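Q: Hey, I'm new to this one. Can you walk me through it?

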Amino acid sequence: MDTRKIFVLPVFTLFLFCISFSPNSLAGMAEAEQWLQSEFKDSTLTKDEQRKEMAWFIDAAKPFKGMTIRVVSERIDTHWYEANTLTKAFSDITGIKVVHEITGEDDVVKKISTQMELEHNIYDAYINDSDLIGTHYRSGKVVAISDFIKEEGKEVTLPTLDLDDFIGLSFTTGPDGKLYQLPDQQFANLYWYRHDWFSRADLQAKFKQIYGYELNVPQNWSAYEDIAEFFTVHVKELDGNKVYGHMDYGKKDPSLGWRFSDAWLSMAGAGDKGIPNGLPVDEWGIRVDGCVPVGASVSRGGALNGPAAVYSIRKFVEWLGQYAPPNSTAMNFSQAGALPGQGNIAQQIFWYTAFTAALTDPKLSVTNSDGTPKWRMAPSPRGPYWEKGMKLGYQDAGSWTFLTSTPIERRKAAWLYAQFLVSKTVSLQKMLVGLTPIRNSDINSKKMTEVAHKYGGLIEFYRSSARVAWTPTGTNVPDYPSLADLWWKNIALAANKELTPQKAMDKMAGEMDERLQNVADKGQERCVPKLNEARDPEYWLSQPGAPKAKLANEKPKGRTLSYEDSLKAWD
Amino acid sequence: MNIKIILASLCFILMSLSSVQAATFTLLTEELPPYAMKVGGKPAGATVEIVSKLFERTGLDYNLRIVPWKRAYVTTLEEKNTCIFPVQRSQEREVKFHWVSPIVITQTGFYTRNDFDKNLSTLNDVEGLKIGSYKGSAAAEYLNSQGYKTSLITRDAPNIQKLKAGRIDVWAADTLTAVHMMKERGIKDVKESLVYFTTLRALACNLSTSSDTIDKLTVELKKMYTDGSVETIMKKYQ
């Protein structure tokens, strides 16, 4: 018999015996024990610490037993796991039933906006991307969690929640220093490439002969462009299959906007320095004065139609036309997402790590027979306008959001469910299922070291210093739902060559200013937009920082590094 | 001034005036009790009442007709001053219309026989079960998009008999429609097992509709929610 079991069983029996006589008889403890033994085996807590955490949930949930709460989140593996498995665990342990609905993120945003607008309770809580932090902070309709846990939510706040352990709290904090959302899952957009192809001596030699430097992880957009050209134009075929040096998508569809509002301009270097977002000009090109948005067009001090932004769109259009598969201009996000797994793509500059699990399917040609990937992810290359101290990529932080229009008792019950899903008892197992880390303790756990080789560099990225430069949309954006559609509607004009990149961005910047004015006219609780007077763009272009003047040379020499050094480059 | 130019200008002004006066909206919906149905030959129902009141309060003239969904959809895509309701907004549809939302917030649930003993608490619980719905329903659309197989027929009502006869295990239906159908037929041995999805349904208007009109309708709709008008109408049908 296993010696651990000899000790564990009597201790557990004694524990159950003791709690059965405690004044707070823990009715769900047997159920909790079952879940701890079957599902939550991997945790940074010891079994006893997990039991204590579960005992707290059982006790705190008593007033809400029998209640059914309803929450909603976007459609990714992590949330499916929550909706189908963790709701059952929570219900078994606490007696609170949860319907966890799954839908597209656009629908989540429409639903939360509707509830905020109508003050009519549709859901008891939302897992909503932290990109809306600027909206939430200004609306006055979102509960400040940092206040809630000290006041009416004090009794239902988990003592072992350990907020300092979360990696994404800076994304969900308003300019007033208050926490408005709590991250439930996070994933990033990184550079993706076929490590097996890049390691081939014949391709390395050929690349060096043409471009004069090593075929490796590109550090700037020049190298990315060279590698894209190399595979599409010079290599053309590998092992009898057509190959491409780039993949992207350009269909006029809301999903086209995500690519750009998430991080494209920041990757080129369009905004100012500042983590998590550039100040005073962020990666949307919106300038703030204090916390007040004052404009997006260069003529008002913004950078949305500045040289760096226009350069980034020009490169997007050129690469899509010259190096991506021929039909990619007509694809949307979902259609394009499947392509790297089919084995014809050498690299992709903008790849969401939420696809990690899907791309480690052993049936795919990009996966080895032992299940390890032939590909890797690495920090993305920087555009010529990017400078140290700036945000580079995007990190999605789906975060628990509570609205003031939700009745307090329902909000408290939903807060218990939210904390259960991010508790240390549950979070490591959830990370193993969905690969969307939220806690430092999980990222640095022994378990993640054991399994890191399976995930193509995901764990290495999250453990590196690079991580801090990957951030969501920030607080300069005052009303995300009212402004976001401008991205896909205008970028599509450039992608489909109806307008030049300069004209598309001029049009978009003008419309963004108008929308900012509309947001101001409609009114917000705080930090309401107030547009700068339009003046000669040269005035702003000659000031330090964003908007930045056009560089004389937008294509410096390509630079690459080995995979290991590409991570160290951020130390 | 050249007489031709004067005449042309007059014609243009007259045509502009007549087009302003002729801006009567055609509002299209399908037969879907209790949201939309004909009572005494006239359109009635929850969403018919909400949309009619919305246009009246906004001061816009309208004709409301109940027609097959496909015809309503294609007509709204092609003809100006036409709107369709209640439509679920999706990324695919987003670019095709101007939107006023939500006309109504609906829910979809799983219905089972009273003697069905499996506890349904998540979507996963229906895996392997035979789910019945009808072609083109939002319930089926959602389940199919999540990879669940559904057994579809042309009308929803016969699903109740199929459920009772054990030819399907679960009936996926709009909660308001299901209750209405069961009440009408005196069904007592079917129960609601899990309400699994909430949908915002909108008024979708032809792309030529002015943003000014859409804004006015949106503002008025919000007022109808805050002053309780929508709730009062919905309560009549629950």
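Q: How many residues does the contact take from chain A and from chain B?
A: Keep in mind that this is a predicted model. The contact takes 29 residues from chain A and 24 residues from chain B.

Q: And what area is buried between chain A and chain B?
A: About 2200 Å², and carbon and sulfur atoms give 56% of that. On the chain A side, Asn84(A), Lys110(A) and Leu118(A) lose the most area to chain B, together 23% of what that side buries.

Q: How many salt bridges are there across the interface?
A: The rule finds 2 salt bridges between chain A and chain B. Lys110(A) forms a salt bridge with Glu94(B), with the closest N and O atoms 3.3 Å apart.

Q: Which elements of chain A give two or more residues to the side that touches chain B?
A: Those are α4 (77-94), β2 (97-103), α5 (105-118) and α11 (254-268) of chain A. α5(A) gives the most, with 7 residues. By class, that side of chain A divides into 11 nonpolar, 6 polar and 12 charged residues.

Q: Changing topic: what volume does the second largest pocket have?
A: About 610 Å³. It is lined by 20 residues, and the closest to its centre are His120(A), Ile105(B), Gln107(B), Met234(B) and Gln238(B).

Q: Which elements of chain B each supply at least two residues of that lining?
A: β6 (98-113), α7 (175-185) and α9 (229-237) of chain B.

Q: What's the lining like by class?
A: The second largest pocket has 9 nonpolar, 7 polar and 4 charged residues in its lining.

Methods: Residues are numbered from 1 along each chain as its sequence is written. Chains are lettered from A and ligands numbered from 1 in the order in which they are written. This is a predicted model: local features need pLDDT of at least 70, side-chain atom pairs count only at pLDDT 80 or more; totals for chains, interfaces and linings use all residues. Side-chain values use heavy atoms; hydrogens and water are left out. On a 1 Å grid over the protein atoms alone, a cavity is a set of points where a 1.4 Å probe fits but cannot get out, and a pocket is an open set with protein on both sides within 12 Å along at least five of seven lines; lining residues have an atom within 4 Å of a point. Grid points are joined across faces, edges and corners, and a volume is the space filled by probe spheres set on the points. Helices (H or I, at least four residues) and strands (E, at least two) are DSSP runs, numbered from the N terminus. Ala, Val, Leu, Ile, Met, Phe, Trp, Tyr, Cys and Pro count as nonpolar, Asp, Glu, Lys and Arg as charged, and the others, Gly among them, as polar. Contact means heavy atoms within 4.5 Å. Buried area is the accessible area (1.4 Å probe) that two parts lose on being put together, summed over both. A salt bridge is a side-chain nitrogen of Lys or Arg within 4 Å of a carboxyl oxygen of Asp or Glu.
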